[in-house]
Amino acid sequence: MKKLTVLSVFLFFCFGKAVAFTYPTFDKKLANGLKVIVCEKPGNGFAQVEVWYRVGSKDESPGNRGMAHMFEHMMFRGTKNVTGPQLLHKLDSAGASWNAYTSFDRTVYHEYLPVAAVEMALMLEADRMANLVVTQEVLNTERQVVGEEYRNGISNSFRKMLLDRYENLHPQGHPYKVDVIGHLDEITAFTDEQCMSFYDKFYSPNNAFLIVCGDVNHEEIFLQAEKYFGPVTKQLPPAVAGSSPDLFSSRVTVNEFGINLPLQDYCFAFPQPATSDQDYFAFSLIMSTLFTDDNSILNERLIKKEHSAYAIVQTNDSWSLYPCRATVDVIMAPMPGNVRVKKAIREEIDKVIAAGLPQEKVDAFIANLEASQTMAAYSARAIAGDLGSAEYYFHDYRRADTLTDAYRAVTQDDIKRVAGIYLAAGQVDFINIKPTE
Amino acid sequence: MRTAKYLAGIIFLLLFVAADLPVRNPFPEVERYKLKNGLEVIFADYGTLPVTSFTFFVNVGKKSETPGQQGLADLAAGALAMGNEKYARMEQDQLLYRMGTGISSGSNSNYSVVSASFLNRDVEKGMDLLAAALTKPTLPQVEIDEMKGFNLAQNKPSKMDIGQLASVYGDYFTFGIEHPLGRHFYEAQYKKITAAQVKEFYSFNFTPANTKLVVLGKPDRALVKKLIEQQLGGWTAIYGEVNSAAYDVASIKEKEYAFVNKSGAEQAYLQWIKKSPTAGSKDENAFRIANSIFTERLMDDIREKRGYTYGIYSSYSEDENEGVFRVRTQVRSEVMLNTIQAFDGALADFYKNGVTDTELLKIKMKYRNEILGIETPGAFAMQMNPWVYKDYNKRKQYLQQIEALDIATINKTIQKYFSPDSYKLVIAGDEKVLNEQLAGLPNLQRLDLSVIEN
């Protein structure tokens with residue numbers, strides 16, 4: 001079943017004429033359930049290859065915290081057909097830029113490489129999807145590597161504070177209760193059996209999808225995908241959407257925290273809808289326009305006009321499979337009178353609940369999104385990321401093309417209603433983070 | 001077994017095909033000219049989208065700071081986007097936001113870079129905003145004080161993490177306090193910096209003849225040239241074009257060790273510093289190749305085989321060339337000495353045996369694709385810094401130069417720069433945990449605040 005869609009109708013007006021950048025995008029589902037998405041973006045003779053697995057730290061349980069990320073490392077350590085060093089040597093010899101990342105929701109392996117080497121990347125990805133080998137000896141070394149990654153993180157005072165406070169944000173049983181990096185004592189004790197059990201449980205063609213974006217021909221990629229991924233017969237039972245504890249009836253479990261820097265940080269934590277939720281786009285528009293964007297209401301007021309804060313940052317993932325706790329950190333110099341910042345934030349939130357967002361802010365947000373998308377059309381990597389996110393969170397990569405429309409459809413009534421739900425006084429928790437000395 | 005052979009055969013074939021493809025030259029033909037005030041402009045087409053990127057390379061950085069001025073270059077570059085005589089900061093930011101872009105500005109040891117990319121439909125307004133930020137900044141006291149406050153909060157030696165400590169004290173240990181690259185700002189000195197000083201530093205260094213502009217993308221050249229003349233033709237150097245800064249190369253002739261204490265640190269940060277080719281040296285390409293292979297060796301040994309670290313990187317780049325290269329890693333405290341020994345072994349082996357054909361081929365492919373794979377004009381402009389690559393015709397031959405490097409040339413370069421007998425090593429970590437291991441390092445210097453607060 002082949003479909004043709006057009007990705008990225010990046011519409012904007014230029015001298016009164018509509019100009020569109022259209023990259024033909026195709027998809028095909030293999031018999032084993034692997035969806036293959038190909039975006040024919042002409043350009044520099046390179047392509048981005050990404051394999052997205054629908055597994056992340058959300059799938060871990062007590063005792064194997066950090067396994068999704070640990071496992072990502074092991075996917076570079078060899079299969080029945082190639083050793084780890086051989087795998088990397090092959091990618092490097094093709095001049096590939098490769099890596100992977102793990103989030104709460106997903107694990108993504110990616111290579112950016114000349115189109116002539118795309119077939120090799122598909123072959124290697126299919127091979128590790130089917131034939132991974134984990135030995136305790138290699139795992140022992142990799143456990144230490146990941147242990148150092150953990151320690152690197154906590155050697156920075158700000159990141160250490162974020163990690164330490166994290167487990168106070170979500171109620172017990174929430175899929176995002178524990179940070180992706182996991183627990184050091186568990187990471188350094190993982191066994192090859194635990195790893196292989198994780199692999200068997202989550203890595204299969206019907207729990208993944210493949211994206212290729214760049215100077216490629218979709219028919220050739222479909223043939224190659226069929227050739228290498230087609231024989232992977234492993235199947236997992238259909239994923240059942242999990243549930244998560246209600247965030248509206250739980251609170252963060254800490255309201256004061258320390259940081260080993262001469263900074264004060266007011267953290268505001270409140271419920272965030274899942275990306276698939278009908279409230280998501282209104283919520284996201286509020287987050288950007290009220291809190292985080294360069295010309296957001298609070299950025300202008302607290303940083304540029306009143307000079308009472310250094311920065312305002314969102315410190316959680318803005319796209320999520322499950323409802324979660326959003327966190328916005330307002331970073332300031334520690335000084336008496338900072339409480340006025342807290343009051344100012346509540347004041348601005350209440351204005352949005354009562355009257356919505358200023359229309360010029362909403363218009364600017366849409367204009368920014370359109371222009372940013374046009375700029376991003378340069379990049380096969382950016383496009384692949386957008387397609388992947390849309391496929392992952394909406395089960396439809398074509399939604400990447402209509403995000404601006406989704407934001408444009410948000411009304412002031414939506415904004416007031418959504419702000420009233422998620423940012424109501426009773427829902428916004430506050431953590432005062434102060435210097436430890 | 002059959003699958004393995006099949007895979008190996010296909011991979012060999014694919015690599016052969018990939019390596020044999022004709023390589024396009026990604027360096028575009030350029031048009032260059034100078035405005036009457038001395039500003040050099042370099043134009044080139046790059047990419048297919050209606051986007052134009054403007055990158056100003058200013059010949060000012062940490063090297064330009066005299067004693068007491070530590071941090072000024074960074075403050076001056078950072079404050080350019082904080083408002084100017086034509087646009088208040090808020091108005092400027094609102095206009096840029098609607099265009100989906102922003103002004104980026106920053107500095108390193110050698111250069112400051114101010115840049116922005118605009119959709120062609122916005123280029124007129126965009127150029128107006130960018131030129132105003134560069135040539136008419138107000139450099140307001142309140143914003144500068146905020147920048148200072150934020151920088152100080154993160155850079156107080158007592159609060160620095162081990163990576164920051166190794167970096168700051170490594171600069172001191174390498175160059176010394178009399179050298180502009182060896183001095184770091186500290187609280188008492190930094191707090192005294194006024195907006196007037198930033199303005200003076202700016203006026204002295206951010207001048208037309210001390211700046212080169214690279215315009216890349218798909219510009220309407222006639223329009224953009226007109227805009228450049230309109231917006232930048234009247235830019236003048238208040239104090240005249242008197243800026244210049246040069247510095248001596250560090251002397252590293254033997255193995256020297258220094259230590260900085262960070263109580264409670266769970267890891268040790270190790271930074272080795274060695275001499276590299278100086279800017280413009282004919283050894284630069286061969287050195288970069290050798291250095292990348294050295295990083296791969298270290299990663300393979302110290303990360304993949306021993307599991308001591310998450311990463312170990314030997315860094316060097318032409319536009320930040322300080323005459324030295326640095327190898328950095330962060331390891332758990334108990335393997336600090338083992339890591340130094342492993343490094344010494346890897347360095348000695350590299351020096352003695354040089355690189356292999358396979359390693360050279362692989363790195364050449366990596367270098368080729370790093371350039372060919374660049375997607376945006378803004379990113380490609382960074383490959384064209386006219387202060388670094390003074391002869392563009394030579395720069396255009398970069399891929400051929402890389403391709404022509406043979407193993408004998410690389411190994412000769414290794415003999416010159418990778419001697420196992422000389423480096424400076426700065427270690428940051430918890431002395432209580434590391435003391436026993438530190439005892440094994442000869443003539444260890446223990447550094448504290450007094451050496452930088454001078």
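Reply: Pro208(B) sits in the loop between α8 (195–205) and β6 of chain B; helices (H or I, at least four residues) and strands (E, at least two) are DSSP runs, numbered from the N terminus. This is a predicted model, in which local features need pLDDT of at least 70 and side-chain atom pairs count only at pLDDT 80 or more, while totals for chains, interfaces and linings use all residues. Residues are numbered from 1 along each chain as its sequence is written, and chains are lettered from A and ligands numbered from 1 in the order in which they are written.

Me: Why is Pro208(B) called buried?

Reply: A residue is buried if 20 or more other C-beta atoms lie within 10 Å of its own, exposed if 12 or fewer, and partly exposed in between, with C-beta atoms placed from the backbone. Pro208(B) has 22 other C-beta atoms within 10 Å, and is therefore buried.

Me: Which residues is Pro208(B) in contact with, leaving aside its neighbours within four places in sequence?

Reply: Contact requires that the C-beta atoms of two residues, placed from the backbone, lie within 7 Å. Pro208(B) has such contacts with Leu35(B), Asn37(B), Gly38(B), Leu39(B), Trp235(B) and Ala237(B), its neighbours within four places in sequence being left aside.

Me: What is the order of the six strands in the open sheet of chain B, and why do β1 and β4 stand at the edges?

Reply: The order is β1-β2-β6-β3-β5-β4 (chain B), with mixed pairing. β1 (31–34) and β4 (104–107) of chain B each have a single partner strand, so one side of each lacks a neighbour in the sheet.

Me: How many residues does each chain give to the contact between chain A and chain B, and of which classes are those of chain A?

Reply: Chain A gives 56 residues and chain B gives 55 residues. α4(A) contributes the most to the side of chain A that touches chain B, with eight residues. That side has 24 nonpolar, 20 polar and 12 charged residues; Ala, Val, Leu, Ile, Met, Phe, Trp, Tyr, Cys and Pro count as nonpolar, Asp, Glu, Lys and Arg as charged, and the others, Gly among them, as polar.

Technical notes:
Two strands pair if DSSP finds at least two bridges between them.
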